[in-house]
Amino acid sequence: MSASAVHNLWTTATTAVDPIAKIDAPKIEYGQLSPTLIVVGAAIVGMLVEAFVPRKHRYHAQLFVSVVALTAGFAAVVALAANGYGTTKAGIAAMGAIAVDGPALFLQGTILLAALVGLFTFAERRLDPEAHGNRVDSFAAQAASVPGSDSEKAAVKAGFTTTEVFPLLLFAVAGMLVFPAANDLLTFFIALEVFSLPLYLLCALARRKRLMSQEAAVKYFLLGAFASAFTLFGIALLYGYAGSVSYGTIAQVVDGTVKNVNPALADTMGNDALLLIGTAMIVMGLLFKVGAVPFHMWTPDVYQGAPTPVTGFMAAATKVAAFGALLRVLYVVLPGLRWDWRPVMWGVAIVTMLGGAIVAITQTDIKRLLAYSSIAHAGFILAGVIATTPDGVSSVLFYLAAYSFVTIGAFAVVTLVRDAGGEATHLSKWAGLGRRSPLVAAVFAVFLLAFAGIPLTSGFAGKFAVFKAAAEGGAAPLVVVGVISSAIAAFFYIRVIVLMFFSEPRPEGPTVAVPSPLTMTAIGVGVAVTVVLGVAPQYFLDLANQAGVFVR
């Protein structure tokens, strides 16, 4: 064949199919994605602050950027909800990657508010005694230096502070905002990694007990990497099953209503083994994030070792994001598989409620006790997930909102009780706290009563909503187990209250540090939300009801 003939073939082939005409420009709805974009932008600004702002001004600059970003993000969520994006205008944005609907906006608003309250505990600098004339916070002076080394001592002496925690917090929040709103499995996985990686780092940054903190971070990182690998493998199997990573398409293939089949994937499409194993792996990754038994082993160690402000933020915000994603996967992608996943979830919920409550009784450290308490709460929330009714969704949304503020408030109180070695987290040191500092003990008692689900607290309203939804959804035996677990859990909460108010204070006991207005605000918001959602929950229950419809 001559060169001209080859050239001729080449030109005719290109004119027949014009490759340029095939590529569509991406269509991004920036307004609908504004809450996430604001937080990501601020996180990048925070990195630039670390690079260019002199060290002595960084703390104030980072705090200002973070507060403005989280407030603006929340305002954007409220604006979207007010414009009907949670109800009538709900839809899929960013070329099918992100859902903008009621549950997504409700959860995003909760995460942003929880992060804002958590941020105040991050910024606290009055609890530890001043080191070399400089105020210090809960975080290591120089994270990269070996604990106890000369470089660490020099960093403390020079008054260094790890202000990188603020952009790390913002990156984690950005991932959490996308996670419950993701509408395809790739976006879902990227969001999971974006919020997990900053948390692994934040866990390692405690100023006191550095080695314990680093051990917690390594455990969290290794187990988190395992869970992420399972999730990714599950995503691959579901892609093989449905020929798509989009939630809507997978749901159609599960239901058998899919229209156009990709011929390359026609052989594996509809293979139930791929569907069941893939679903199991993805749900496993999500149950790891919410801390459900048997994927809970990281929770007590990480909660105990991480800096307490990080523990509070992580316990609240990660649960909200992970339960939001779990709801969307089960209700949007797999409603056709309900008969397969419900029995498994029953089992997980029962062992989680009982396991968390029973093991918590044996704990002697206040942070580990709260960790097992959070495991039990994951079981209570799962009861709402199992309901598979609109009430189930709205009760879970309400419970998450109520639980997150109680948790941050409780961990903020833990930061105040201190002895020479930093925070006094051993329960024996809390004896007689009610006589030494009645106000702090009373506030902590309010949070413990909310955790226990005593009436007139947000915990009671949340548990009542979840158990009612579960009972109406045909899971009455689960409610019985939940009530028994609550009774067991009430024992160890009440035990701490008795220890604080009815024990003699020890002469060498810990002192209660006087915090700055930042921590006072965090604790005050926690108490206010606990009382308001307990005494007058109806408005917020209605709000969760309106926001309880997923867009498909």
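The lining of the largest pocket consists of 18 nonpolar residues, six polar residues and no charged residues. In this classification Ala, Val, Leu, Ile, Met, Phe, Trp, Tyr, Cys and Pro are nonpolar, Asp, Glu, Lys and Arg are charged, and the others, Gly among them, are polar. The model is predicted: local features need pLDDT of at least 70 and side-chain atom pairs pLDDT 80 or more, while totals for chains, interfaces and linings use all residues. Residues are numbered from 1 along each chain as its sequence is written, and side-chain values use heavy atoms, without hydrogens and water.

**Pocket and cavities**

The volume of the largest pocket is about 600 Å³. Of its 24 lining residues, Phe-74, Leu-105, Phe-106, Thr-110 and Leu-543 are the closest to its centre. At least two lining residues each come from helices H3 (55-82), H4 (102-122), H15 (390-414), H20 (517-535) and H21 (538-546). H4 has the largest share, with six residues. Helices (H or I, at least four residues) and strands (E, at least two) are DSSP runs numbered from the N terminus.

On a 1 Å grid over the protein atoms alone, a cavity is a set of points where a 1.4 Å probe fits but cannot get out; a pocket is an open set with protein on both sides within 12 Å along at least five of seven lines, and lining residues have an atom within 4 Å of a point. Grid points are joined across faces, edges and corners, and a volume is the space filled by probe spheres set on the points.

By this rule there are seven cavities of 30 Å³ or more. The largest cavity has 13 lining residues, and Gln-32, Leu-33, Thr-36, Ile-98 and Gln-108 are the closest to its centre. Helix H2 (34-52), strand E2 (98-100), H4 and helix H6 (165-178) each give at least two residues to this lining. The second largest cavity is lined by residues including His-377, Tyr-399, Tyr-403, Phe-451 and Lys-463. H15, helix H17 (438-452) and helix H18 (458-472) each give two or more residues to that lining, with H15 giving the most, four.

| Cavity | Volume | Lining by class |
|---|---|---|
| Largest cavity | About 80 Å³ | ten nonpolar, three polar, no charged residues |
| Second largest cavity | About 60 Å³ | six nonpolar, three polar, one charged residues |

**Core and buried elements**

Beyond four places in sequence, Phe-313 is in contact (heavy atoms within 4.5 Å) with residues including Ala-115, Phe-122, Val-173 and Leu-199.

Helix H11 (residues 298-305) is largely enclosed by the rest of the structure, because seven of its eight residues are buried. Buried means under 20% relative accessible area, exposed over 50%, and partly exposed in between (1.4 Å probe, protein chains only). The buried residues of H11 pack against helix H8 (210-242), helix H10 (272-290), H12, H14 and H15.

**Two single residues**

Gln-363 lies in the loop between helix H13 (338-360) and helix H14 (366-386) and counts as buried at 10% relative accessibility. Residues up to four places away in sequence aside, Gln-363 touches Arg-368, Leu-369, Tyr-372, Leu-427 and Arg-495.

Lys-56, in helix H3, is exposed, with a relative accessible area of 68%.
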